[in-house]
Amino acid sequence: MKPGFREVVSCFILLLLISSLQLGRFLLPEPPKKEQLSQRQMKADLTVLLKQLQQHSAFMVLDPDIESRLEKRLQRLKQEYRDSIAINRFTAEVNKLLGELKDPGIRLSQAALPSGVLPLRLRPMEDKWLALNDRDEPLQSDTPFISHIDGLPISHWQKIANRFLPPEQQNSVQMQMPWLQQLDLLRREMGLRVKEEVLLTLYGADLQPQNIEMKVPLQFRSAPLSILASWQQLAPDTALFSLTDLNAIETDPQLQQDLLRAMSNHTLVLDLRHARGFSDSLLQFLGNYHNGLSSQPLGYGRYRRSPQLRRDFLRPLHFEPLAQFAPFPPVRAALDNQPLPSLSNWYARPIPKLAAAPVPDSGRLVLLIGPDCRQECEWIAYAAKRWRRALLVGEPTRGDLGRLHHFTLPASGLQLSISASLGYDGYGQLLSGIGTEPDLQLPTDEPLQWQGLLSLISPEQSLQHSAEGQSKNTQAEDSQAEKDQQ
């Protein structure tokens, strides 16, 4: 029996009603975010956290005592908060717990309600601190420096911020700075009253302190970082190329052309201080600064064994099974001396094939690196460290080379990521959590003065030009002597 007109109209009205109800969901207000966790909810989240670390964290394998330390800290946390805990406080406590891992790949989303922050941006300048507004200008031109917050010296706030950092990062001002911005969080950590105003002590050249009071905002927007990529001429034969998304080089032809134009200069200053991504396309171009390719792998890797992981888990990071390579005997011995049954078999990362690039015969690469140089950027820094025509400038990287495992804590909704794999250098020594040291250390937490940087590297350029000139002169003299003998 065929449906009649009435049945068709009824079906159409029913579908229209269902569509309207679905669209109406978007008009409903979002449910309010949780402000507190009960102790039962906190215990449930901490249990899930510990289980995820035990099953997926590669860094837990490196320290046999870390599991017992984590369990002790979890017990103290459960005893300290017997009734409830604020979401913001729970987020901070989880961050302190994860600091025990010394894992540079840890990411923790701020899913909690916003909390009061400093109404300014701190910037270190030698042994002083600048107080900057959202345009990166001094709050007050005649008193640009800040010495105290709420009557306490900056050094004391740094000590409190160190509680949220792993031991090896506690001397890094750049690692402290995000926590120094969290005013209300640090106030609670010190037992101070949380209020809507903050007292700032500023001073200038005359060293006379001036106290000002400002409202505490829930967020502070400072000047944004440079986006995707940019390049400019710093000097007639020196180009600056800044890049933040390494994956874009692989898919953007215009970006590749800009990079090649920058590489055609005698000196390329490549700013990777905030670069991340997994594409190896940039390394294929930069390999032209190295004379000759090695048949040995660039590095090695292993991942945390898990029933859910396939054998090609490290392939997105450009690793292949070790059986496809023939490491030198000392390297093979170094790998065999690290059994660690909780980790997978060894994988090796080959040196990528070169991509054509117009690099001058005497061209030089100045690579700017820092703690925010992550993922593939770490491998670029490690490789360039061994190139004779490359100079690394900035601060040490953190060794963030692992593939990440993501999970969510059910009660609080906190989203976390941890390193599920480890990276090793070309000699089989651990690189994850170690990173690469620059040849020339410069602070990376403030805009670089490019002319000052050029003055630092220009003497080396002059020496190189001088050596090349001497070599050419010697060759010319030898050629002339041969002609005279003939």
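## What counts as touching

A contact here means heavy atoms within 4.5 Å. With that in hand, a quick word on the model. This is a predicted model, where local features need pLDDT of at least 70 and side-chain atom pairs count only at pLDDT 80 or more, while totals for chains, interfaces and linings use all residues. Residues are numbered from 1 along each chain as its sequence is written, and side-chain values use heavy atoms, with hydrogens and water left out.

## The overall picture

The protein has 486 residues, and 47% of them count as buried. Buried means under 20% relative accessible area, exposed means over 50%, and partly exposed is in between (1.4 Å probe, protein chains only).

Take the contacts with a separation of 6 or more: 74% of them are between residues 24 or more positions apart.

## E189 and its partners

E189 sits in helix α7 (residues 183-190), and it is buried, with a relative accessible area of 14%. Leaving out residues up to four places away in sequence, E189 touches R89, K96, I160, R163 and F164.

Two of those come with polar contacts. The side chains of E189 and K96 are joined by one of 3.2 Å, and the side chains of E189 and R163 are joined by one of 3.2 Å. A polar contact is a pair of N or O atoms within 3.5 Å; within protein, one must be able to donate a hydrogen and the other to accept it, and residues adjacent in sequence count only if both atoms are side-chain atoms.

## Two loop residues with positive phi

D150 is not a glycine, yet it has a positive phi of about 55°. You'll find D150 in the loop between β6 (145-149) and β7 (152-153).

Q375 also has a positive phi of about 55° without being a glycine. Its loop runs between β16 (364-369) and α12 (376-384), and Q375 counts as buried at 11% relative accessibility.

## Cavities and a pocket

Q375 turns up again in the lining of the largest cavity, along with F278, L317, H318, R349, E376, W379 and L401. That cavity holds about 50 Å³ of space, and its lining has four nonpolar, two polar and two charged residues. On a 1 Å grid over the protein atoms alone, a cavity is a set of points where a 1.4 Å probe fits but cannot get out; a pocket is an open set with protein on both sides within 12 Å along at least five of seven lines, and lining residues have an atom within 4 Å of a point. Grid points are joined across faces, edges and corners, and a volume is the space filled by probe spheres set on the points.

The second largest pocket has about 460 Å³ of space. It is lined by 20 residues, of which S294, P297, L298, I351 and R386 are the closest to its centre. The lining splits into 13 nonpolar, six polar and one charged. Ala, Val, Leu, Ile, Met, Phe, Trp, Tyr, Cys and Pro count as nonpolar, Asp, Glu, Lys and Arg as charged, and the others, Gly among them, as polar.

Methods
Helices (H or I, at least four residues) and strands (E, at least two) are DSSP runs, numbered from the N terminus.
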